[in-house]
Each structure stands twice: as structure tokens, then as C-alpha cells.
Amino acid sequence: MGHLNIRRGFLRDKLLIREVTWRTGRSLKTVMKHLDSGTIGPKFATPGRPSKLDPYAEKFAVWLKIDAAINVLWVHPQFFRFRGNILAINSGPV
């Protein structure tokens, strides 16, 4: 994990090499060795495994469609104003 922190600190966060050595607790020679090696880090394949939520995927899809329809119909109260006893949607000053 230290190798990834070294590369991230130097390349992405634009830290000085001395700052990287201080933050990671590694020696200057070790940090220079990791940066000069050019390797990205450990590569391994993540095994494909089913999610705990897979049995409920269809139900969630239906719920999301219903929720999207409800949110479209919902209008914030600040867009309403009263004209006497009639509720009208604000379209600008009257």
C-alpha cells in the first residue's frame, strides 16, 4: 500500500519528494526507488461474485421509476401564490 501512496502523493497531489518521505515514513532512497521503477502497483483480477441485492433488482427498478414519476409531479411551494381563494402557479409578477 505504501507504493501506491508514494505515487499518488508525488504524481497526483504534486507533493515534493521530501514531503512524500515524511508522510509515508519511508526513506528517501525507498521513495526514489519506487518512483523510478515505473510500476503502477499490484494488479489482480477481482472475481465476479453476485451481489446481495441481485434478487431484488427488478423490484428496485420499479421503485425507481415510481419515485422519478413522483418527483416530476412534485412542485415546490414557493412557486405557488394565492389569488383570493384560487391557488395559482407563479409565472412572474402580476
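1. Buried means under 20% relative accessible area, exposed means over 50%, and partly exposed covers what lies in between, with a 1.4 Å probe and protein chains only. At 13% relative accessibility, Thr21 therefore counts as buried. This is a predicted model, in which local features need pLDDT of at least 70 and side-chain atom pairs count only at pLDDT 80 or more, while totals for chains, interfaces and linings use all residues. Residues are numbered from 1 along each chain as its sequence is written, and side-chain values use heavy atoms, with hydrogens and water left out.

2. Overall make-up. The chain has four helices and two strands. Read from the N terminus, the order of elements is α-α-α-α-β-β. Helices (H or I, at least four residues) and strands (E, at least two) are DSSP runs, numbered from the N terminus. The chain has 94 residues, of which 14% count as buried. Accessible areas come from the Shrake-Rupley method with a 1.4 Å probe; for residues, only the protein chains shown count as cover.

3. Contacts along the chain. Contact means heavy atoms within 4.5 Å. Among contacts in the chain with a separation of 6 or more, 34% are between residues 24 or more positions apart.

4. Thr21 and its surroundings. Thr21 has its place in helix H2, residues 17-24. Leaving aside neighbours within four places in sequence, Thr21 is in contact with Arg26, Ser27, Leu28 and Val31. Val31 belongs to the next point as well, as one of the buried residues of helix H3.

5. Helix H3. The buried residues of H3, which spans residues 28-37, are Val31, His34 and Leu35. Seen down the axis of H3, these buried residues fall within an arc of 95°, so they line one face of the helix. The arc is that of the directions from the helix axis to the C-beta atoms. Lys29, Lys33 and Asp36 are exposed on the other side of H3. After H3 comes Gly38, which has a positive phi, near 80°.

6. Salt bridges. The structure holds two salt bridges, a salt bridge being a side-chain nitrogen of Lys or Arg within 4 Å of a carboxyl oxygen of Asp or Glu. Side chains of opposite charge can pair when their charged atoms come close. Arg12 forms one with Asp13, and their closest N and O atoms are 3.4 Å apart. Arg12 counts as exposed at 58% relative accessibility, whereas Asp13 is partly exposed with a relative accessible area of 38%.

7. Glu19 forms a salt bridge with Arg23, with 2.9 Å between the closest N and O atoms. Because they are four residues apart in helix H2, Glu19 and Arg23 are separated by about one helical turn. An α-helix has 3.6 residues a turn, so residues three or four places apart point the same way. Glu19 is partly exposed, with a relative accessible area of 28%, and Arg23 counts as exposed at 54% relative accessibility. Arg23 and Gly9 are 14 residues apart in sequence, and their C-alpha atoms are 8.9 Å apart in space.

8. Aromatic pairs. A search of the whole structure finds two aromatic pairs. Rings of Phe, Tyr and Trp (its six-membered ring) pair if their centres lie within 6.5 Å; planes under 30 degrees apart count as stacked, over 60 as edge-to-face and the rest as tilted. The ring centres of Tyr56 and Phe60 are 6.3 Å apart and their planes lie at 50°, so this pair is tilted. Phe60 and Trp63 also form a tilted aromatic pair, at 5.7 Å centre to centre and 55° between the planes. Phe60 and Trp63 are three residues apart in helix H4, and are therefore separated by about one helical turn. Tyr56, Phe60 and Trp63 form one aromatic cluster. Tyr56 is partly exposed, with a relative accessible area of 43%, and Phe60 counts as partly exposed at 31% relative accessibility.

9. Nonpolar surface patch. Leu53, Tyr56, Phe60, Val62, Trp63, Ile66 and Ile70 form a nonpolar patch on the surface, with about 690 Å² of accessible area together. Patches are made of residues with over 30% relative accessible area and no salt bridge: like charges are joined within 9 Å, and nonpolar side chains (Val, Leu, Ile, Met, Phe, Trp, Tyr) within 5 Å. Ile66 has its place in helix H4, residues 57-73, and is partly exposed with a relative accessible area of 45%.
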